[in-house]
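Colleague: Thanks for sitting down with me. Could you walk me through the terms you use here, and tell me what stands behind each one?

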Amino acid sequence: MDTMDKDILEYALDHALRNGVEYAEARAHSVHQEQIVLRNGVLEAYIQSVDGGFNVRVLADGGLGFASTNRWTREEADATVEAACRLARASGRREKIQFSEMKGNEADWRVEEKEKVLDVDPESKIGFLSGIDKEVTAQGVEVPSRMLQCFIDLTEKYFINSEGSRITSYVPKVACFIIISVKEEGKVEQAMRQFGYSGGWEAFDIWNVADELAHETMVLQRVIKEGKPLQPGKMSLVCGTEVVGIASHESCGHPMEADRILGREMSQAGRSFIYPGGPYWLGTRIGSDLVTIVDDPRVEHSYGFYEYDDEGVEARPRYLYKDGIINEFFHNRETAAKLGVESNGSARAVNYDREAIVRMANTYLLPGDMSEEELLEDVKHGVYMKSFTEWNIDDRRFNQRYVGREAYLIEDGEVGSPVAKPTIEMTTKGFWSAVDGITKDIRFDAATCGKGDPMQGIPVYTGGPIIRLTGVHMK
Amino acid sequence: MTDLLERTGALVKKAKSLGADEVIVKTTFGRRMQIRFSNNEVDISKIWNNYLTDVALTWNKRVVATEIRNFERAEERVEDLFKLAKVSQPNPMYGGIAGGTFAYGKSKADGKISTLEEPTAYVEQAIEAARAEVPTGLNTGGTLYANYEDVYLVSSEGPTGRDARSSIELSIRAFSQKQASGHGVECSSSLKDFDPSRAGRKAGEIAWLAKDPVAGEEGTYDVIFDPLITGSMLGTYAMMASAFFVMIQMSVFGNKLGEKVASEIVTLRDSPASYSVANRLFDDEGVPARETVIIDRGVLKSYLHNTSTAKIFKAETSGNAGLVVPEAWNVELDPGGLSREELFGEVRRGLYLTNTWYTRFQNYAVGDFSSIPRDGAFVLENGEIKGSIKDIRISDNVLRMLGGMAAISRERQHIHWWESQYPTLSPYILIKDVKITRPK
């Protein structure tokens, strides 16, 4: 890639160290991006760009300074380093920032593409995506609006720091984001779907986007034609993998981010119901003993895949809630030092001009031992919420709501007619404590997690098996 | 900087020489600074220098675009882009870009923002102002941004312009207890109108009022929305006013031009005004940015257009390009006749909500949504705050809320922060019969 000069990066790090800082790092990204936008099967625009630049982050006098540029000259590197050092020293912190201990890592890792993205010419990509659109409209369902976007992101990184880390990586990512509107009897229902993969163009063979969307159109049509509102009350709720994934991400992943717990995101994405001295901390029960939620960056070809984080720390699985107990937070080196542990490799940045902050990767509930049939057969009265539409959660990550997109009534263990917009609105502890059954098969969905200021939309997987909650209030 | 305009123009000539039908090149040199703070201390300070050239070209109704950051290879990138256009697909609906020459006026950007070396003092002012509102123990966090951009635009269809854009913004959230907080923002295009203490005072005052909250009750309430939460709502209307979002059915305003979509007291306009952090002379086609009335006394008057979407809707561009997606610059809700105090006096029993986040839709075309109030949320009785509440959710509909707008304050505030993508000029508003839910 032509937007990276490793010698300039080494030069910048040397310059920072000559400035007498406590710690310095430099991180370069070189990114080839493509965005293909189709509206109702017609190409709106094809956007292709090559991005690249580097940042320098220093710890000096207990303060952090960060500066970035996309000009690869020694003069610009000098100015960038000087700016980062000046800003760090000007922060005037009373409580000095420290980083947790780590040894320097040397690594060169990459994700392979079976079918290289750049070997598929633009004409073929457009044709392939147009083909998906054609299949969606061939189901006999009126789909008046179809917005299909394909994103390609091939990122090469080089990370170096004053502790001897030298890490080179290459990660290709392919993603699709689709919005469809189905019209029936004068009414409109909508669905948004996202697909994401670390690897090559073979992603489309794995996703089967056309079949997935065809299914969505028929589901939405059926909801309009047959969906009835739910009679509110206490009942069982069976959550499909998509719902389990979002709940794991929102009400386990986010509140376990140590920067939130320590208040660093307080004015943006908020804090957490977990905080030092509060009623919930490591060792506190938050769910039934069936509930173990893991975040593992090393799920092969996952959308959130990485081997080393953006502070050079090796990635490993994090057991967040374990057997229903709050077990381990996400850490970068700053939060780890503050809580007296080692970083567990959770620092991620979307580009060279963003600081690495505490992030999730692939967050999912571990499977149980039941089949779907076994899970359903004990439900006397309830709802099977296979997928969601509206969702949100408060900025402590305790009060959440999920509204069903594809959902069915369950009576005496039998899945029946569609339910229109069944809603669950309950606390994090209430949700996970009500889990009394988990199936053995697991599925992932891709998502873009929003956090940071400026915003950093980071690729993640959410997922899990199917679960059953008993005795919850639905409306 | 004249050489930057020449270099920008040279890329237009290059693309035309290759055979492109239309070409727009925009070069931006941006200097941006940020200070992030929490727990009353600076966490990190950042500087970004960004050199960027955006190129968009068309060939036989094929639309392609790129960003160039390596200027040594800019001409090569334009050649690559033209090759991409040749193997791309035509868009029969594509309606072209703006032609002609325009007089743009003069930028009022504040050059002092471009030379700010180290603005930590503004953060300290805001923190101190917040802490002065509370006897002890206030914890604050937030962000300060200072932005300055030089922009050069050359279009093969005539428009050529230079703009400078400046802004400074501070956002501060204050906690008097773990679940008692207030938020204030201060935004301006110039240093002389920027008062970070104002944001700090508001955050501190609300945080103190919000102490010892109790769980709120489900029900239907008359609700006064603070300018901060009004800003989030106006941002939703701004997105939905874009002709592109109307076309993809992500808007409640589809097929409603000329129809009543809001209470008669609602006049909503988009304005790239010089006070705004979105100040600008022209859009991404080089069309002069100007005021557009979106809703006039409750009636939907116009969508926001670029040249291409305008052609589809048989309208004129409103100077809001985005090459593909027209976007609002700065949304203003016209003021009403009541002071803030008079507005509160209109409520016999209701709620005062100061902020929100996480607004999500079941269906953008229908407008059913929910959103979670955060920071101070209060019960009102006879215009007076009678208690602090928590754990509630607004679960309503965009059109119903627009129709339920009953009163608007004279006071307005310029709002832009992390949760509000679009800058707005937002008053206090009173909406009748707002549906509130809570977890069970």
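Colleague: Let's begin with the two chains: how many residues does the contact take from chain B and from chain A?

Modeller: Keep in mind that this is a predicted model. The contact takes 64 residues from chain B and 68 residues from chain A. A residue pair counts as a contact if the C-beta atoms, placed from the backbone, lie within 7 Å.

Colleague: Which element gives the most to the side of chain B that touches chain A?

Modeller: That is β2(B), with eleven residues. Elements that give two or more residues to this side include β1 (22-38), β3 (62-68) and α2 (74-87) of chain B. By class, the side of chain B that touches chain A divides into 28 nonpolar, 21 polar and 15 charged residues.

Colleague: What makes β3(A) and β2(B) a pair?

Modeller: Pairing asks for at least two bridges found by DSSP. β3(A) and β2(B) have four bridges, in the parallel sense, so they count as paired. As an example, G65(A) stands opposite S45(B) in β2(B).

Colleague: Turning to chain A, how do you know that its radius of gyration agrees with a compact globule?

Modeller: For 475 residues, a compact globule would have a radius of gyration near 23 Å, and chain A has 24 Å, so the value agrees. Along the principal axes, the C-alpha atoms of chain A fill a box of roughly 70 × 60 × 35 Å. Chain A has ten helices and 24 strands.

Colleague: Which domains does the assignment give for chain A?

Modeller: It gives domain 1 (6-226) and domain 2 (233-474). Their C-alpha centres lie 22 Å apart. The contact between them takes 38 residues from domain 1 of chain A and 29 residues from domain 2 of chain A. On the domain 1 side, β7(A) gives the most, with six residues. That side of domain 1 of chain A has 19 nonpolar, 14 polar and five charged residues.

Colleague: And what does the domain assignment give for chain B?

Modeller: Chain B has domain 1 (2-209) and domain 2 (214-437), with C-alpha centres 23 Å apart. Here 37 residues of domain 1 of chain B are in contact with 34 residues of domain 2 of chain B. β6(B) gives the most to the domain 1 side, with seven residues. By class, that side of domain 1 of chain B has 17 nonpolar, 14 polar and six charged residues.

Colleague: Back in chain A, why are β11 and β22 said to stand at the edges of their sheet?

Modeller: The sheet is open, with six strands in the order β11-β10-β9-β14-β23-β22 (chain A) and mixed pairing. β11 (325-326) and β22 (443-451) of chain A each have a single partner strand, so one side of each is left without a neighbour in the sheet.

Colleague: How many bridges join β10(A) and β11(A)?

Modeller: Two, in the antiparallel sense. The cut-off is at least two bridges, so this count meets it. K322(A) stands opposite I325(A) in β11(A). In the hairpin of these strands, which has two residues between them, D323(A) takes a positive phi near 55°.

Colleague: One last pair: at what angle do helices α4 and α5 of chain B pack?

Modeller: Helix α4 (residues 120-131) and helix α5 (residues 196-209) of chain B pack at about 30°, with their axes 7 Å apart. The crossing of α4(B) past α5(B) is right-handed. Among the residues that meet are Y122(B) and I127(B) in α4(B), and P196(B) and A199(B) in α5(B). By class, the contact of α4(B) with α5(B) has eight nonpolar, four polar and three charged residues.

Key:
Residues numbered from 1 in each chain as written. Chains lettered and ligands numbered in written order. Predicted model: local features only at pLDDT ≥ 70, side-chain atom pairs only at ≥ 80, totals over all residues. Domains from an automatic or database assignment. Nonpolar A, V, L, I, M, F, W, Y, C, P; charged D, E, K, R; others polar. Axes fitted to C-alpha atoms, helices over the stretch in contact; angles between N-to-C directions. Left-handed = near helix turned anticlockwise from the far one by under 90°. Rg over C-alpha atoms; globule rule 2.2 N^0.38 Å.
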